[in-house]
Every structure is written in C-alpha cells, then in structure tokens.
Amino acid sequence: MTVHDVIESLGAEVAVDGDRTRLVTSGYACDLLSEVIAKAAPGSAWATIQTHINVVAVAAMVGISIVVVCEGRTCESDVVVRAAQEHLTILYSRDSAYIVSGKLYTLGLR
Amino acid sequence: MSLEQNVEALRYLGLFTSLDASSVMSTGVHALHPEDRVAAARTLMREKSISGVPIVDANFRLVGIISVSKIIEALADGRLADSVDSVMTREVISLHAHDTFETILSCFQRFKFGRFPVVEEGGKLVGMITDTDVLSAIIRSFYSVYVHDQRRTVTIGSFSALSKEFENSADFAYDISSTGLENAGEGSARLKAFLQSKGFGESVVRRASVCAYEAEINVCIHAGGKGSLRAIARDGEIIVRVEDEGPGIENIDLAMKEGWSTATDAIRELGFGAGMGLPNIRRFSDHLVIISGKDKATKVEMIFLADKE
C-alpha cells in the first residue's frame, strides 16, 4: 500500500501532506530514537509520541514513509516545515501507539 | 619498527599526549646526600632492589647519581667507606617533569640507561622513571582505548588503530556545531546523500549513516555540540571518523553496554540517551575504534565494507 492508502484508512489528521505515492511496507512503534534507527525497516509507518525535530531526522535516516504522532500530541512548526521539505507525511492521531499499531496491522502491515 | 618510527606513530595517533614525565615517574624515590658513605648506597640498592640511587643536596636538588657499576668499582678499590661524592657520576642525564612521552622514549633510546631522574624547576628531584614505569604508563593508557575487533592486538603491537588517511584529506567533511538538538543529525543526513551519490549500495549506506547519526547525536548530547564528522569513501570501503574535544568517555566498557547512559532526564524524554548509541554503532559497523578517556577528546572511527552484504 501507499502513504495515500494509510492516510485514507487511518482517519487521522494530516499534519504534513508529503509524498503520498511512497510505498508503506511495514510498521514500527517506539519512542527511543536509537531503537527506531537501528530496527525500523525502510518503508515503515512509524507510530510514536515524540514530536521534536529529530523525528524528521530519524525518519529520513531510516527511510520511514509515514509518521503517526499519537496520543493527540502535535509538532512544533519547525518540525512541520522540515518534514514538508523532506516530503515526509506526518499524521496526528488521538489514539495511543498501541491502537494505531493495531489499526496499521489490521490494514495488512506486518 | 625503529624507535623513530614508533615515536612518529605516537605523535600521529596522539595516544599518549596526556602522558608527561610527571605522570609516568615513580615518586617513592630513595636518594642519598653527597657526604653519605658508598656503603650506604650499596645497602640501599640491595634492600630496595634498585639499580641506581640519585644523589641530592640539602635542598633536594639533583647533583649526581650512583649506579651498580660504580658500587662494584668502589668495592674492588676498597672505597666503601669513602663518601658518595667521590664516586658518583656528576653529569646526570635527567628528565623534566613536563617532558613529553616522546622525549622520555627518545632518552631511553639515546642513552641506554635503565633509569632517569625527573626534576622540576630549580633542579629539585621529584621522581624516577625506569623502563617498567614507561610500560606501566602505556598499559594504564590502554584502559581508555576500546578497539572492537581483531585490531585490539594489532593496536598494542604497532599503534596502528586509526586510519592514516584522515591526516591529509577526507572525501566528506562536516563541522558539527549544534547548540541544542535542533541540528543534530544534519551531518549524517548529508553524509548519507554523499554516499548515495558515490554509488554505494542501500544497505551499507544505511549502516554508515545510522552509525554516523548515533555518533553525531553523542557529540550533541555529551560534548557541547562541537565536533567534526569526516568520511573517506573509496574501493568498496567507507571509513567514518567522528571527533570531539571532550569531556570524553570515562569508562568505555560501560558505555558499550546496552542501556547504560549518562544522559540527563530531559534528554531521555526526547527519546535519546537510551544507552543504545555505541552498542548500535558496534552492531552496524564492521570495524570500530574508540579512543577516549575522562576529560579527553573522543575519537570514534568506524569502517563499513560494501562487500560484506
């Protein structure tokens, strides 16, 4: 599936509308950046409660396709600007990372 | 390897730059005065198992040295009851407390003595350096060097732990300069783009940039955000060197353990400081050398082989 498909299915607010054509091939949920950078696969949808600028850096480094910021948290404007430059899609979800992960799993991301 | 080459290697590596004569020397030194008897020197050498005794004046200024060979001569001539003053060597080759490790090694090479007195301003004796002291100092230094591969042994044999190529040039260079964590990761992002432009494969690029990111984050979290990130990329090999000016890693073995970190709670809340930085680097690099220590600069060098995949 693509970023577009995830946006449509998850029903979360689109904070940054990035490259919708990117493939999403798996998912990862974690707030420790070192874990994410070590273990998330390129093309992942990443569920996290982190909202600062390094989320974009980590996503770019790993090749994350879409970031879902959970628990109703929102990013600072500099993060939004940076993500837009990187064409990285960011969603805001009111759900917990657990629920978001469950939804992504149900969509077929394994 | 000649001594000159060894000294040159030491200078290049900067491995023992913090070692001066005052940190190498033994300070529990026994000395005699010129008016003491030769017999007293003989007794002292036998009891303390030492092969030379420095001679000092009333103000502890070095005025001579008496060695085993001088004692043997005095014994043969029946002069054990004479004063030390009459048999001691007056032209003493001594080191200064601030002399560098290179100077110390050069001294041992040039003069072939087993020991050198160490003096401070005014010629006051403050210690002695034997070859055993030098060896002990080297071994102590290696407690602050971590080499994560078979080069651990090579390092100790020939001091060749770090790549020489960085001396002259690097294919990629980025000055890390970050006041907070805002720009953290910028250098490794650029490195990643650079490596991709060089045509390296996706996997080795990912490994190299992930490790560079971790090292860069460490500079931002622990070293005030000031440092350098350089890389050499050629012939299927990527060498990445990240350096900062300290405060250094006090215990590298601990820092290599997963989950161990000295980061503050504020840093941890941002998702950093999980104690995974160096363990991740070890996991993803094919060779890793870290040189650091308390209040010292840190050098992290990582090598990634494209054909390992």
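Visitor: How many residues of chain B are in contact with chain A?
Guide: On the chain B side there are 19, and they are in contact with 14 residues of chain A. Keep in mind that this is a predicted model.

Visitor: Which elements of chain B give two or more residues to that side?
Guide: Helix 8 (186–197), helix 9 (202–222) and helix 12 (277–284) of chain B do.

Visitor: And which one gives the most?
Guide: Helix 9 of chain B, with four residues.

Visitor: How do the residues on that side of chain B divide into nonpolar, polar and charged?
Guide: Nine are nonpolar, six polar and four charged.

Visitor: OK, stepping back. How many helices and strands does chain B have?
Guide: Chain B has twelve helices and eleven strands. It has 309 residues, and 36% of them are buried.

Visitor: What about its contacts along the sequence?
Guide: Take the contacts in chain B with a separation of 6 or more: 64% of them are between residues 24 or more positions apart.

Visitor: Let's look at helix packing. At what angle do helix 3 and helix 4 of chain B pack?
Guide: Helix 3 (residues 38–48) and helix 4 (residues 68–76) of chain B pack at about 130°, and their axes are 10 Å apart. Angles over 145 degrees would count as roughly antiparallel and 65 to 115 as roughly perpendicular, so helix 3 and helix 4 of chain B are oblique to each other.

Visitor: Left-handed or right-handed crossing?
Guide: Left-handed, for helix 3 of chain B passing helix 4 of chain B.

Visitor: Which residues meet there?
Guide: From helix 3 of chain B you have B:Val38, B:Ala41, B:Arg42 and B:Met45, and they meet B:Val68, B:Ile71 and B:Ala74 of helix 4 of chain B. That contact between the two helices divides into six nonpolar residues, no polar ones and one charged.

Visitor: Switching to sheets. In what order do the three strands of the open sheet in chain B come?
Guide: The order is 3-4-5, with mixed pairing.

Visitor: Which strands stand at the edges?
Guide: Strand 3 (95–96) and strand 5 (125–130) of chain B. Each has a single partner strand, so one side of each is left without a neighbour in the sheet.

Visitor: Now chain A. How many helices and strands there?
Guide: Five helices and five strands. Read from the N terminus, the elements of chain A go α-β-β-α-β-α-β-α-β-α.

Visitor: What share of chain A is buried?
Guide: Of its 110 residues, 47% count as buried. For contacts in chain A with a separation of 6 or more, residues 24 or more positions apart account for 51%.

Visitor: How many bridges join strand 1 of chain A to strand 5 of chain A?
Guide: Three bridges join strand 1 (residues 13–16) to strand 5 (residues 89–92) of chain A, and the two run antiparallel. A:Val16 stands opposite A:Ile90 of strand 5 of chain A.

Visitor: And strand 4 of chain A with strand 5: parallel or antiparallel?
Guide: Parallel, with four bridges joining strand 4 (residues 66–69) of chain A to strand 5 of chain A. A:Ile90 comes up here too: A:Val67 stands opposite A:Ile90.

Methods
Residues are numbered from 1 along each chain as its sequence is written. Chains are lettered from A and ligands numbered from 1 in the order in which they are written. This is a predicted model: local features need pLDDT of at least 70, side-chain atom pairs count only at pLDDT 80 or more; totals for chains, interfaces and linings use all residues. Two residues are in contact if their C-beta atoms, placed from the backbone, lie within 7 Å. Ala, Val, Leu, Ile, Met, Phe, Trp, Tyr, Cys and Pro count as nonpolar, Asp, Glu, Lys and Arg as charged, and the others, Gly among them, as polar. A residue is buried if 20 or more other C-beta atoms lie within 10 Å of its own, exposed if 12 or fewer, and partly exposed in between; C-beta atoms are placed from the backbone. Axes are lines fitted to C-alpha atoms, for helices over the stretch in contact, and angles run from 0 to 180 degrees between N-to-C directions. Angles under 35 degrees count as roughly parallel, over 145 as roughly antiparallel, 65 to 115 as roughly perpendicular and the rest as oblique. A crossing is left-handed if the near helix is turned anticlockwise from the far one by less than a right angle, and right-handed if clockwise. Two strands pair if DSSP finds at least two bridges between them.
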